[in-house]
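This briefing is meant for a reader who is meeting this structure for the first time. It begins with the overall layout and then takes up the individual parts in turn.

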Amino acid sequence: MKKEWMLNVILRSILGIIAMYFINGALESAGVSLGVGINGATVLTSGILGIPGLAALYGIGLYKIL
């Protein structure tokens with residue numbers, strides 16, 4: 001059970017890194033400076049929470065520029 005949970009977090013973290021990379025690139029090419037940094041905190045957030053965590057990271061970034 002523990003191995004399955006850890007593997008799930010690792011896979012979501014890897015997919016989160018890939019998603020952040022492409023979302024940051026798309027936002028930059030659109031002229032929006034909302035890039036979320038790829039660091040330990042953001043990787044863990046996307047790894048533990050998944051897509052809602054990724055959305056929360058970009059929501060926080062949007063809130064900061066308002």
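This is a predicted model: local features need pLDDT of at least 70, side-chain atom pairs count only at pLDDT 80 or more; totals for chains, interfaces and linings use all residues.

**Overview**

Read from the N terminus on, the elements of the protein follow the order α-α-α, and the count is three helices and zero strands.

**Overall dimensions and surface**

- The C-alpha trace of the protein spans about 45 × 20 × 15 Å along its principal axes.
- The protein has 66 residues, of which 26% count as buried.
- Among the contacts in the protein with a separation of 6 or more, 60% are accounted for by residues 24 or more positions apart.
- A nonpolar patch on the surface is formed by W5, M6, L7, I10, L11, I14, L15, I17, I18, Y21, F22 and I38, which together have about 1,200 Å² of accessible area.

**Helix 1**

- Helix 1 covers residues 2-29, and because its 28 residues should span 40 Å at 1.5 Å a residue, the 41 Å between its end C-alpha atoms agrees with that expectation.
- The buried residues in helix 1 are V9, S13, G16, M20 and N24, and what covers the buried residues of this helix includes helix 2 and helix 3.
- S13, which is found in helix 1, counts as buried because its relative accessibility is 10%, a value under the 20% cut-off for burial.
- When its neighbours within four places in sequence are left aside, S13 is in contact with V43, S46 and G47.
- L15 is also found in helix 1, but L15 counts as exposed because its relative accessibility is 57%, which is over the 50% cut-off for exposure; L15 is also one of the residues that form the nonpolar surface patch.
- After helix 1 comes G31, whose phi is positive, near 85°.

**Helix 3**

- Helix 3 consists of the 15 residues 51-65, and because these should span 21 Å at 1.5 Å a residue, the 22 Å that separates its end C-alpha atoms agrees.
- Within helix 3, the residues G53, L54, L57, Y58 and G61 are buried. They lie on the same side of helix 3 because they cover an arc of only 135° around the axis.
- As a general point, an α-helix has 3.6 residues a turn, so residues three or four places apart point the same way.
- The cover over the buried residues of helix 3 includes helix 1 and helix 2, the latter made up of residues 40-49.
- On the face of helix 3 turned away from its buried side are the exposed residues I51, P52, I60 and Y63.

**A closer look at I60**

- I60 lies in helix 3, and I60 is exposed because its relative accessible area is 51%, which is over 50%.
- Although I60 and L34 are 26 residues apart along the chain, their C-alpha atoms are separated by 9.7 Å.

Key
Residues are numbered from 1 along each chain as its sequence is written. Side-chain values use heavy atoms; hydrogens and water are left out. Helices (H or I, at least four residues) and strands (E, at least two) are DSSP runs, numbered from the N terminus. The expected span of a helix is 1.5 Å times one less than its number of residues. Buried means under 20% relative accessible area, exposed over 50%, partly exposed in between (1.4 Å probe, protein chains only). The arc is that of the directions from the helix axis to the C-beta atoms. Contact means heavy atoms within 4.5 Å. Patches are made of residues with over 30% relative accessible area and no salt bridge: like charges are joined within 9 Å, nonpolar side chains (Val, Leu, Ile, Met, Phe, Trp, Tyr) within 5 Å. Accessible areas come from the Shrake-Rupley method with a 1.4 Å probe; for residues, only the protein chains shown count as cover. A salt bridge is a side-chain nitrogen of Lys or Arg within 4 Å of a carboxyl oxygen of Asp or Glu.
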